[in-house]
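Me: I would like to go through some of the labels used for this structure and ask what stands behind each. Please set the values against the definitions.

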Amino acid sequence: MEYRQLGKTSLQVSVVALGCEGFMNKSDEDVQAMVDYAHQEGINFVDFFSSNPQGRSAFGKAIQNHREDWIIQGHLCTTWKNGQYERTRKMDEVKAGFEDLLKRLGTDYIDIGMIHYIDAKKDFDEVFHGEIMEYAKALKAQGIIKSIGISSHNPLIAMLAAQSGLVDVIMFSINPCYDMLPPSENVDDLWDDKNYEKPLFQIAPERQHLYEYCESHHIALTVMKAFGGGDLLDENLSPFGVKMTPLQCIHYCLTRPGVVSVMAGSHSIEEMKEAIDYCKADFQAKDFAEVLSHVPKHSFIGHCVYCGHCAPCSKQIPIADIHKFTDLCHQGEVPETVREHYAMLSHHASECIECQLCMPRCPFEVNIIEKMKMAQKLFGY
Ligand code: SF4
Ligand code: SF4
């Protein structure tokens, strides 16, 4: 298993993590088996958005002897009504829902207290300037939550949260289809086929800016909907009309700036194994470049998607990393952390001999040599 640092915290989280959907409506024994398998494979990170009492209790029971082995992203603002999970902004329900989470998980702290599902500006203003944020801050001051986070599908709202200075973690919906769509306050737009009927080009700038801002400011992005609710894994359901594999979807997310972990909503040990295989797979199995370059209507041409398909460089330059660090510099400014990360690379842009071997390998027609010159100018070597 590979681990990445969770933003500014000292926590190291597994790049493949668990969603909680798979624990719902299962026996305690089945949940225990799934949790034990994940633990044995090195997964140490779980998202718990659901307020389903059975799922919460079953997971709590499964980790009762090793709570400290798990980093829990637990959601505030979810409640259970008439046998269904609901988002709530009513303070009595918010408090009762969070206390229920602690009790059922058998713990007295949650690592990241996630304020659940903020997609609209009005909701953002009310949450961030109201009782809910005050409650989250009070929980943090008491050590009951260690960090504050939010979940969102709207890059403009996620950016406001990132810029607020109050959150360490943002759970965001990321996959190559959603990445092409403009921001919206309506989550249903992500699934609406109509929005993919017209040609789309490259990653929407608001999404790219969000990822870059989070990377530069050490705000951790954790990923939901990496498989588009499963649609991306089926060519008949995928808005792109081509099928991706789970490993390609996970690799796409983990190569976005700022992303530390993908919460895979596995419903069985077999599905969990498919996601965990990411860490054992060779590059070919993870490579998403061929798929994305053959999407019939939409195009990523001209922009580096950090896929690594152009490797190996004849001088061992890590081309995708160089491009990512170059893109993190805006208007000629090099953030200090980016300068440090660039320095740590084994080879640098100045070593490019312009042999052109990499260029025909890029399915997105990126002018790699020009980008190398740009990097050399920015970083000085
Ligand atoms: S230059 Fe092209 S092939 Fe290389 S990482 Fe970027 S998009 Fe991928
Ligand atoms: S052109 Fe530069 S970056 Fe590309 S393979 Fe040659 S040395 Fe490497």
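Reply: Helices here are DSSP runs of H or I with at least four residues, numbered from the N terminus. The model is a predicted one. With that definition, Asp287 is placed in the loop between helix 11 (283-286) and helix 12 (289-293).

Me: Why is Asp287 called partly exposed?

Reply: Asp287 has 18 other C-beta atoms within 10 Å. A residue is buried at 20 or more and exposed at 12 or fewer, with partly exposed in between. The count of 18 lies between these limits, so Asp287 is partly exposed.

Me: Which residues is Asp287 in contact with, leaving aside its neighbours within four places in sequence?

Reply: Asp287 is in contact with Cys307 and His309. Contact requires C-beta atoms within 7 Å. Thr245 is 42 residues from Asp287 in sequence, and their C-alpha atoms are 9.8 Å apart.

Me: What surrounds ligand 1?

Reply: The shell has 15 residues, and Cys304, Cys307, Cys310, Ala320 and Cys362 are the closest. Helix 13 (residues 319-327) gives the largest share, three residues.

Me: How do the residues of the shell around ligand 1 divide into nonpolar, polar and charged?

Reply: The shell around ligand 1 has 12 nonpolar residues, three polar and no charged. Cys and Ala count as nonpolar in this scheme.

Me: How do you know that the span of helix 3 is close to the expected one?

Reply: Helix 3 (residues 91-105) has 15 residues and reaches 21 Å from its first C-alpha to its last. The expected span is 1.5 Å times one less than the number of residues, which gives 21 Å for helix 3, so the span is close to what is expected. After helix 3 comes Gly106, with a positive phi near 65 degrees.

Me: What makes the buried residues of helix 3 line one face?

Reply: Val94, Gly97, Phe98, Leu101, Arg104 and Leu105 are buried in helix 3. Down the helix axis they fall within an arc of 135 degrees, so they line one face. The face turned away from the buried side carries exposed Asp92 and Glu99. Cover for the buried residues of helix 3 includes strand 4 (45-48), helix 2 (53-62) and strand 5 (71-76).

Me: Why is strand 5 called mostly covered?

Reply: Six of its six residues are buried. Ile71, Gln73 and His75 lie on one side of strand 5, and Ile72, Gly74 and Leu76 on the other.

Me: How do you know that strand 4 and strand 5 pair?

Reply: Pairing needs at least two bridges found by DSSP. Strand 4 and strand 5 have four, in the parallel sense, so they count as paired. Asp47 stands opposite Gln73 in strand 5.

Methods:
Residues are numbered from 1 along each chain as its sequence is written. Chains are lettered from A and ligands numbered from 1 in the order in which they are written. This is a predicted model: local features need pLDDT of at least 70, side-chain atom pairs count only at pLDDT 80 or more; totals for chains, interfaces and linings use all residues. A residue is near a molecule or strand if its C-beta atom, placed from the backbone, lies within 6 Å of it. Helices (H or I, at least four residues) and strands (E, at least two) are DSSP runs, numbered from the N terminus. The arc is that of the directions from the helix axis to the C-beta atoms. Two residues are in contact if their C-beta atoms, placed from the backbone, lie within 7 Å.
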